[in-house]
Amino acid sequence: MTAVILAAGVARRLAPLTDRTQKSLLPVGGRAILARMLDALHAVGVRHVVIVVGHCADQVTALVASAPPGMTVECLHNPAYQKGSVLSLLTARDVIVREPTLIMDADVVFPREFLRRLVASPAPNALLIDRGFADTGEEVKIYTQGGRVIALGKKVIPKAWDLVGEGIGFFKCGAEAGPDLVGLLEHVRDLSQGLCEYEDALHLIVSRQPVAAVDVTGLPWTEVDFVEDLRRADAEVLPKIARLEGA
């Protein structure tokens with residue numbers, strides 16, 4: 001299994017911190033978010049990583065030179081990184097159609113248990129879901145019915161569902177679903193002229209491929225979109241992760 005990490009965007013909401021720094025390289029507890037992510041992948045046995053880069057790409061390249069021993073990391077450049085994330089994920093299309101992948105946003109601070117549960121899930125396709133969230137309108141929400149994901153997005157609401165939770169930004173994509181996902185990414189890219197997010201394609205694929213929801217409710221984590229998220233990651237989330245992992 002290969003991890004595909006999206007670390008290309010400009011992250012204007014974190015300016016000026018990200019004016020000259022890639023968002024995924026912002027420090028939490030003195031270490032870059034992306035470095036922590038690579039350590040977590042290594043801990044669960046993922047040895048091949050593809051990182052899609054764009055904004056401050058040279059900084060990411062420099063960081064991956066110190067990836068954990070035995071891990072190979074390849075950087076793929078998305079020249080249109082200022083557009084939607086659909087273009088970043090399409091940059092890794094050859095990997096997605098070739099083998100099972102873990103598709104991951106690079107701005108998440110999380111415990112290794114997230115990846116253990118996702119990798120260990122018997123479902124070939126799966127999304128992580130946190131049911132203990134406050135809906136501010138910013139969250140990508142995941143809806144399930146009968147144990148299967150039926151919809152996801154910030155604004156989409158299905159007619160009926162059993163459970164709803166916040167998406168973490170991690171998707172396990174099986175070998176059979178990979179070519180289908182790439183086709184849907186190309187479809188939403190063409191409809192939006194490359195301005196939409198890759199989640200628009202995930203919303204479409206759940207009606208074509210079975211996708212399970214893997215529950216991580218109660219575990220500490222945060223996506224880093226705003227300066228306050230970065231402060232909370234340092235002050236609250238990381239100490240909880242450290243206690244959980246015995247660090």
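Which side chain of opposite charge is nearest to D105, and how far away is it?

Entry 1. I am working from a predicted model, in which local features need pLDDT of at least 70, side-chain atom pairs count only at pLDDT 80 or more, and totals for chains, interfaces and linings use all residues. Residues are numbered from 1 along each chain as its sequence is written, and side-chain values use heavy atoms, with hydrogens and water left out.

Entry 2. I looked up D105 and found it in strand β6, residues 101-105 (strands are DSSP runs of E, at least two residues, and helices runs of H or I, at least four, numbered from the N terminus). D105 is buried (under 20% relative accessible area, 1.4 Å probe, protein chains only). The nearest side chain of opposite charge is K23, 8.1 Å away, and D105 has no salt bridge (a side-chain nitrogen of Lys or Arg within 4 Å of a carboxyl oxygen of Asp or Glu; Lys and Arg count as positive, Asp and Glu as negative, and His and the chain ends are not counted).

Entry 3. I then checked the contacts of D105 (heavy atoms within 4.5 Å). Leaving aside neighbours within four places in sequence, they include L6, M37, F170 and Y198.

Entry 4. I turned to the largest nonpolar core, which has 40 residues (buried Ala, Val, Leu, Ile, Met, Phe, Trp, Tyr and Cys joined through side-chain atoms within 4.5 Å). M104 is among the members that touch the most others. Helix α1, residues 33-43, gives the largest share of this core, 6 residues. Apart from it lies another core of 35 residues, Y198 among them.

Conventions: Buried means under 20% relative accessible area, exposed over 50%, partly exposed in between (1.4 Å probe, protein chains only).
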